[in-house]
Amino acid sequence: MLTNQNDKGMYSFNIDKFYQNYLKGPKLFKNREALEPSFIPNELPHRNSEIEKIAGITACALKGDVPPNLLCYGMTGTGKTATVRYISQKLAQHCTNNPPWWVYINCTVVSTPYRILAHIYNTIVGKEKIPATGLPKDVILKKLLGLLDQLIKNSICFLVLDEIDILIEKKGGNEILYNLTRLNENLDLCRTSVIGISNKLKFMECLDSRVTSNLEEEEPIVFHPYDANQLAEILKQRAEIAFIEDVIDNGVVKLCAGFAAKEHGDARKALQLLRKAGEIAERNQSKKITENHVEKAQKDIDKDHIVEYIFSMPLQTQLTLTAIYLLSRFTKGHVITSGDIYEVHSELSSKIPGLKQLSRRRISDYINELTLSGIIIANTRSMGHYGRTKIIKLDIERGVVERVLSQNKKIKDYKLLDYKPIILQTDKVKIKNIVFKKLI
Ligand SMILES: Nc1ncnc2c1ncn2[C@@H]1O[C@H](COP(=O)(O)OP(=O)(O)OP(=O)(O)O)[C@@H](O)[C@H]1O
Ligand SMILES: [Mg+2]
């Protein structure tokens, strides 16, 4: 038994037994890393035409000439980053003398103009030479130009700006892009080429026209979403590297591909699903990965997304959900109406100093939002003379809702999850917002 009740009747988990059993259990993974997003396989199925176009544009670097700046875009998980990294490896393999340099910048991590310049400089010298803050930007830019000519000399330096759209949203984003795409004008020996990658298809609209013309020297490379069959082939190739032979049931790859194809053909999602299914099978000591494990993995991933979503909701939406949580927690079979939610929401918001009471209409908007995100189900029911009302039910486990809401400081500090709504207190009644004690 891995779980049991201790003498106080509380749940306890036997970690020693868990690890012992885990070690004795069947081995499914041969190379787990092959399912990580950072893994670059030897081949990228269904990206032939994109590889061909980028290879054609960058080939001149083999002869020491400077390739034009380039943009790649397409939806998330369509292989943009993997393709550019793959090309960089191949180009290096074929360059016998003076191989090009590659500086990879993930703009979600390195996102300010200053940090981008510092990152390029530090990557080239291989040390933290430029501090994270402090120097004027034009000073670093000058230092960088000197370094490129001194160290890289007659070679090409590719600057890959991944998630470039994040940079454009930042102060000074257009300016730094302009500078980076025009470095060659101020260099004597070295030549640079910018490759921008984005999954925001409309980000070009936010660009300064001078930058647009620098970046669009070539027709942008568009990465289209994969269909279910293409995803299945990508998964098959990775599964062969990642898992021990014959541990995957027929149908597993197809099911993962099908789930991911429904979400705009995202290969990252497909790989995540396969990896999670493998991990669930392993934890359950199963000798094979089955379709059941994939279904379970999909549910887990959905749950993770919902948890994240609830966590990031504004306080008023979280309070609406708290009201639904309390109504469903304190009554069995209680029919929750939008009117009840409004009442409980008002009670909850009156407990937080300075919080505004909302109108029924606003609460109705929040209920719609929660319905659309799949957290609750709302059915409209006719109430005869009283018109129509919404009957609401939680559509995810109450425990999950409780766990996430309890992380909100205000909900926790004012103990809102333990509050018993007045409509559920048998000895009280509320009339026109005034609470009376029932006499009978
Ligand atoms: N054609 C392919 N063959 C093999 N693996 C692929 C292919 N396309 C994508 N992948 C894998 O899918 C995952 C996601 O790909 P990648 O990170 O390149 O997506 P992306 O287009 O850059 O997405 P995002 O816009 O979210 O950054 C990676 O693990 C990558 O190796
Ligand atoms: Mg990417």
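Residues are numbered from 1 along each chain as its sequence is written, and chains are lettered from A and ligands numbered from 1 in the order in which they are written. The model is predicted, and local features need pLDDT of at least 70, side-chain atom pairs count only at pLDDT 80 or more, and totals for chains, interfaces and linings use all residues.

The protein chain is assigned domain 1 (3-38 + 226-309), domain 2 (48-223) and domain 3 (313-437), with bounds that come from an automatic or database domain assignment. Taken over C-alpha atoms, the centres of domain 2 and domain 3 are separated by 51 Å.

Ligand 1 is surrounded by 20 residues, the closest being Thr 76, Gly 79, Thr 81, Ala 82 and Ala 267; a residue is near a molecule if its C-beta atom, placed from the backbone, lies within 6 Å of it. Domain 1 and domain 2 each contribute at least three residues to this shell. The shell comprises 10 nonpolar, seven polar and three charged residues (Ala, Val, Leu, Ile, Met, Phe, Trp, Tyr, Cys and Pro count as nonpolar, Asp, Glu, Lys and Arg as charged, and the others, Gly among them, as polar).

Helix α5 (residues 137-152) contains 16 residues and spans 21 Å from its first C-alpha to its last, close to the expected 22 Å, which is 1.5 Å times one less than its number of residues. Its buried residues are Ile 140, Leu 141, Leu 144 and Leu 148 (buried: 20 or more other C-beta atoms, placed from the backbone, within 10 Å of the residue's own; exposed: 12 or fewer). Viewed down the axis of α5, these fall within an arc of 100°, so they line one face of the helix; the arc is that of the directions from the helix axis to the C-beta atoms. The face turned away from the buried side carries the exposed residues Asp 138, Val 139, Lys 142, Gly 146 and Gln 150. Elements covering the buried residues include α4 (113-125), β5 (156-162), α7 (173-181) and β6 (191-198).

Cys 107 lies in the loop between β4 (101-106) and α4 and is buried, with 23 other C-beta atoms within 10 Å. Not counting residues up to four places away in sequence, Cys 107 touches Leu 161, Asp 162, Glu 163, Ile 164, Ile 166 and Leu 167 (contact: C-beta atoms, placed from the backbone, within 7 Å).

Definitions and conventions. Helix = DSSP H or I, 4+ residues; strand = E, 2+ residues; numbered from the N terminus. Contact = placed C-beta atoms within 7 Å.
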